[in-house]
Amino acid sequence: MIEVYAPASIGNFAVGFDALGAALAPIDGSLLGDVAVVSAAQSDEFVCSGEYAHKLPSDASENLAYQCLVHFRAHVAPDMPSVKLELKKNLPIGSGLGSSACSVVATFAALDKFAQTNLSQVELIELMADFEAIVSGGRHYDNITPCYLGGLQITGDLIPDKSIALPVDENWYYVAAFPGFSLNTAKARSVLPKELSMHAGVEFAQRLSAFSSLLLTQRFDDALSIMQDDIAEPYRAPLIAGFSEAKANLPALGAEVVSISGAGPTLFTVCKTLEAAEKCAQWLAQNYINEQGFCHICKLDNDGTRQLTVL
Ligand SMILES: Nc1ncnc2c1ncn2[C@@H]1O[C@H](COP(=O)(O)OP(=O)(O)OP(=O)(O)O)[C@@H](O)[C@H]1O
Ligand SMILES: N[C@@H](CCO)C(=O)O
């Protein structure tokens, strides 16, 4: 049996629409992500369990994890013995935490290990991105690669091996608050402008390249000072109840950055101290999330997708 965990991630990371993403590790040691378990069986079977399993279609053929298994058997490992695939769906759907990417990454990584197909990093990332594209309305890697590789990744087709890890300040804390309602990624993409002006395109390129260079030269405070999303946040904020109030209130509590995680509705902050992160988390718990929501103070998950059990 192979059991693989894949962490939640913050897509876009404010300055890198579709191109930058970070994997999350709650500081209380809990796991925030999906788990795929592959074991030998008489014939292929699929089970979806976990807190959010009931939010997914009951028909296995509509579950991305099962679709990954069907694809893997047909195109990657036709000789793989029959398996039971269990997806432990621990992340809410349409959360902005890279939920579908988590299921896809955990499943392909577990199948690759079980079948000993030893796909290369690029082969696996391409496979994973194909499936992420099916549901999100656009091919992008900013949940896939941080989820798979860990850390903060600048990522896309132009980038050698699809992804390059960027350093962050070890002292930074990230507060991720899921408000408890869903926002469909395809819908959150449909409100974005189809084209950027020349000015906006140049500014986006400047901001992302400067941010990356500043991180690589350890000028972390300068990097934080330009960490702003002009591409997606202005159009998506009206879709997320409470976001504008949070953005207005959290800086006074010590948030250096307040932005939307992925397509939303999860909000994230970057804080320089644990004290500031705790104050932000408390405010968010009282003012942003409902009974179905949750809030975690996190560091980056530098391990990415990993095996929990091998039997
Ligand atoms: N294993 C799965 N995990 C998540 N979504 C799945 C899965 N299988 C099928 N789906 C379907 O894919 C769609 C995912 O929608 P969407 O892209 O909005 O969510 P998401 O990937 O969970 O969002 P986000 O990346 O913002 O966390 C939903 O319609 C959901 O029912
Ligand atoms: N970069 C993507 C992340 C969501 O999956 C977006 O913002 O639409």
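These notebook entries record what I looked up in a predicted model of one protein chain.

**Conventions.** I number residues from 1 along each chain as its sequence is written, and chains are lettered from A and ligands numbered from 1 in the order in which they are written. In this predicted model local features need pLDDT of at least 70, side-chain atom pairs count only at pLDDT 80 or more, and totals for chains, interfaces and linings use all residues; side-chain values use heavy atoms, with hydrogens and water left out.

**Domains.** I looked up the domain assignment, which gives domain 1 (2-166 + 302-310) and domain 2 (173-299); such bounds come from an automatic or database assignment. The centres of the two domains, taken over C-alpha atoms, are 23 Å apart.

**Interface.** I find 35 residues of domain 1 in contact with 41 residues of domain 2, contact meaning heavy atoms within 4.5 Å. Between them the domains bury about 2,700 Å², 68% of it on carbon and sulfur atoms; this is the accessible area (1.4 Å probe) that two parts lose on being put together, summed over both.

I count one salt bridge between domain 1 and domain 2, the term requiring a side-chain nitrogen of Lys or Arg within 4 Å of a carboxyl oxygen of Asp or Glu. R189 forms a salt bridge with D18, with 2.7 Å between the closest N and O atoms.

**Domain 1 side.** On the side touching domain 2, β2 (9-11), β3 (20-26), α3 (121-136) and β7 (152-155) each give two or more residues. Helices (H or I, at least four residues) and strands (E, at least two) are DSSP runs numbered from the N terminus. β3 gives the most, with five residues.

**Aromatic pairs.** I note eight aromatic pairs in the structure (ring centres of Phe, Tyr or Trp, the last by its six-membered ring, within 6.5 Å; stacked under 30 degrees, edge-to-face over 60, the rest tilted). F13 and F211 form a tilted pair, 6.4 Å centre to centre with 55 degrees between the planes. F13 lies in the loop between β2 and β3 and F211 in helix α6 (residues 198-216), so the pair ties together parts 198 residues apart in sequence.
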